[in-house]
Structures are given as structure tokens and as C-alpha cells.
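This briefing describes selected local features of one protein model, grouped by topic. Please consult the sequence and structure shown below while reading.

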Amino acid sequence: MPLSNAEIIRALDAKTKPQGSLGRVEALAAQIASVQHSLSPIVERATLLLFAADHGVVAEGVSAYPQEVTRQMLLNFLAGGAAATVFARSVGVDVRVIDAGVAGDPVVHPDLLSRRIAPGTRNMADEPAMSAAQYERAIVAGRDLVAATPGEAICLGEMGIGNTSAAALIAAKLMGSPVRDLVGPGTGVDAAGLERKCTVLERAAARTAATLAPADALREYGGFEIVMMTGAALAGAASGRIVIVDGFIATTAALAATGLNPASRDALVFAHRSAEPGHTLLLDRLGAQPLLDLGMRLGEGTGALLAWPLVKAAAAMLREMATSADAGVSGHE
């Protein structure tokens with residue numbers, strides 16, 4: 001049975017602490033309690049779903065890195081040598097690496113989950129990034145991956161050269177904002193590269209109306225990894241999980257998910273504020289206060305992994321911390 005906000009606040013205020021003294025941790029605990037419909041929430045196991053895919057728009061020179069880096073990083077994830085896999089080991093989070101649509105021949109590896117839609121999207125500067133059928137397959141793949149994943153929390157991560165370009169356009173179309181307001185350096189393009197990126201993305205934006213419905217924005221401009229993250233966010237929320245959202249790319253998927261199902265917003269925990277300029281605009285639109293602000297802009301789910309111990313601790317606090325009555329601690333006079 002759903003809990004009222006008043007019930008949750010009373011439970012928090014009864015703990016052996018001054019009311020509100022744990023600050024944002026209390027708000028996080030309240031969110032978890034609301035999602036699980038329990039004043040003794042259990043959040044003990046998380047899994048990082050790490051989606052990789054390529055983008056046709058890279059042919060326009062929007063990235064500082066060549067497209068083959070997506071594939072190279074996919075292999076690095078599988079070998080355990082990436083920042084995300086190092087962080088995951090350090091905080092006890094399982095990692096599932098998904099090929100959503102990496103360019104080239106399929107990668108064969110026993111630990112890789114292949115959900116390839118195609119070897120990369122089409123060039124969104126000139127045509128829709130994917131067909132309606134490809135979009136549907138990607139959404140369903142994201143949902144199905146969550147259904148097959150154990151644990152109380154899902155971390156969303158991604159890798160794909162060119163995906164800050166895709167995210168900027170999706171976000172612009174969902175919010176009705178000028179795409180230039182959402183474009184950042186991504187992997188680290190210089191000033192000339194940033195201007196070229198803006199020019200390409202403004203050309204792409206001109207193909208469609210200023211504002212699009214979520215499915216249309218994803219189909220026109222998305223990457224398969226972004227669409228799969230959207231499906232995963234929807235499924236995670238629907239199944240009563242906490243969905244820990246990483247940075248700019250993952251937050252774009254989260255914004256699309258809330259457009260498709262506004263109720264999914266309740267389960268979303270925003271891990272950190274990315275240094276990518278458009279991220280703050282997205283967080284503001286979602287009314288989100290991220291847990292961390294570390295100047296990061298890597299992606300891969302790294303911010304979500306660093307936020308996981310806070311999520312786990314918040315749930316444990318509400319579940320295990322003694323009340324003043326139980327501990328014989330005098331309350332506020």
C-alpha cells in the first residue's frame with residue numbers, strides 16, 4: 001500500500017537525530033520508501049546496465065575521437081579496465097555490458113549481451129537516425145534487460161562516440177530549446193570543433209519541428225543506447241526499482257522516459273551534475289537535485305556508481321536506525 005509523505009516524515013523524525021539533520025540523505029530515504037511502499041526499505045544490490053552503440057552523425061566531424069573508440073571501449077569494459085568497471089568493483093555493483101548497435105562486425109565475448117539493432121544509426125543530420133521498427137525494438141530490449149536483472153536498483157550507463165550530439169538534439173526537441181544551448185564539448189572538442197558541432201546539429205534540428213513527442217525525438221535523433229536506456233528507465237520504475245541516472249546522456253533518456261510515462265519520475269535518482277553544459281538545463285526541467293557535483297563528464301555510469309553507496313546508506317538508515325523511543329534517547333523539547 002502506498003505510504004503518505006506524512007507517514008514517511010514521521011518515521012524519519014522519530015530516529016535518534018535532530019529532525020532534518022541528515023539533510024539530503026533524508027529526502028533520498030523518503031524517495032526510496034515511497035518507491036518501495038515501505039518504511040523499512042531494502043536496497044542492497046545494484047546492477048549497472050552499460051549500453052554501447054555508434055552514431056552515423058560522427059561522419060560530420062562532431063567528435064574529437066574516431067568512431068572505432070566505441071568498439072575499443074566495449075572491449076575495455078569486458079576486460080574490466082575502464083573507469084566504470086573499476087568503480088563498480090570498488091562499490092560492489094554488478095556490470096552487464098550491452099552491444100546496442102556498435103559499428104562493424106558483431107563482437108563475440110562470453111560476457112557481452114548482444115542486443116544489436118544495427119551497426120550504428122544513420123546520419124541524423126540528413127535523415128531519421130532510426131526507423132520506427134528499430135525504435136520499438138530498442139525500447140523493448142531495454143525493458144527486457146531490466147526484467148532479467150536482479151536487485152533493487154538499476155544504474156544507467158552508456159558509451160558511444162557522438163552520443164552527446166544525439167542527446168543534445170533529443171533534449172532540445174523535448175524541451176523546445178535552441179540546440180546550441182545544449183551543445184557541449186563532449187569528448188573534448190576544441191573551440192573550432194564546438195562551432196562545427198553546433199552548425200551540424202542546427203542543420204539536423206532544422207529537419208523537424210521545434211518540439212517533438214518523446215518517441216519521435218528518439219527516433220529522429222537518438223542512438224540505440226539512448227533508446228534502450230529509456231526503456232530500461234521505464235521498466236525499472238514500473239517494477240518498483242530505484243533507477244540511478246548518470247550524466248547528460250542518461251538524463252536525456254530519463255527525460256524521454258518521463259515524457260512517455262510521467263509516473264516513472266518518482267523512481268529516478270539523479271547521481272551527479274555533469275560538467276557538460278546542457279546537463280543543468282535537463283536537471284532543472286526534471287526538478288532534480290543531483291547527489292554529487294564532481295566536475296565529471298565521462299559517462300559510462302561512473303557518476304551513478306559513485307552515488308550508489310549514498311542510495312544504499314539512505315535505505316539502511318531508514319530501515320535500521322533506532323528511534324528515540326526504542327533507544328531511550330530524549331527527544332526535542
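**Salt bridges and local features**

R116 and D99 form a salt bridge in which the closest N and O atoms are 2.9 Å apart; a salt bridge is defined here as a side-chain nitrogen of Lys or Arg within 4 Å of a carboxyl oxygen of Asp or Glu. The model is predicted, so local features need pLDDT of at least 70 and side-chain atom pairs count only at pLDDT 80 or more, while totals for chains, interfaces and linings use all residues. Residues are numbered from 1 along each chain as its sequence is written, and side-chain values use heavy atoms, with hydrogens and water left out.

**Salt bridges**

- Helices (H or I, at least four residues) and strands (E, at least two) are DSSP runs, numbered from the N terminus.
- R116 and D99 are both buried, where buried means under 20% relative accessible area, exposed over 50%, and partly exposed in between (1.4 Å probe, protein chains only).
- A salt bridge also joins E195 to R180, with the closest N and O atoms 3.1 Å apart. Because E195 lies in helix α7 and R180 in the loop between α6 (163-175) and α7, the pair ties together parts that are 15 residues apart in sequence.
- E195 is partly exposed, at 41% relative accessible area, and R180 is partly exposed, at 35%.
- The side chains of E60 and R203 meet in a further salt bridge, at 3.0 Å from N to O. This pair links distant parts of the chain, 143 residues apart, with E60 in the loop between β1 and α3 and R203 in helix α7 (residues 191-205).
- E60 has a relative accessible area of 22% and is partly exposed; R203 is partly exposed as well, with 37%.
- A network of salt bridges links E44, K312, R319 and E320.
- The whole structure contains 15 salt bridges according to the search.

**Helix packing**

- Helix α8 (residues 214-221) packs with helix α10 (residues 248-260) at an angle of about 145°, and their axes are 9 Å apart. Axes are lines fitted to C-alpha atoms, for helices over the stretch in contact, and angles run from 0 to 180 degrees between N-to-C directions.
- P214, A215 and L218 of α8 make the contact with A256, G259 and L260 of α10, contact meaning heavy atoms within 4.5 Å.
- By class, this contact of α8 with α10 has 5 nonpolar, 1 polar and no charged residues. Ala, Val, Leu, Ile, Met, Phe, Trp, Tyr, Cys and Pro count as nonpolar, Asp, Glu, Lys and Arg as charged, and the others, Gly among them, as polar.

**Positive phi values**

- Most residues other than glycine have a negative phi.
- H37 has a positive phi, near 55°, and lies in the loop between α2 (24-36) and β1 (46-53). H37 counts as partly exposed, at 42% relative accessibility.
- E300 also has a positive phi, near 70°, and is placed in the loop between α11 (278-286) and α12 (302-320). E300 is buried, with a relative accessible area of 3%.

**A buried histidine**

- H55 lies in the loop between β1 and α3 (68-79) and is buried, with a relative accessible area of 2%.
- Not counting residues up to four places away in sequence, H55 touches Q67, T121, G160, I161, G162, N163, A166, G222, G223 and E225.
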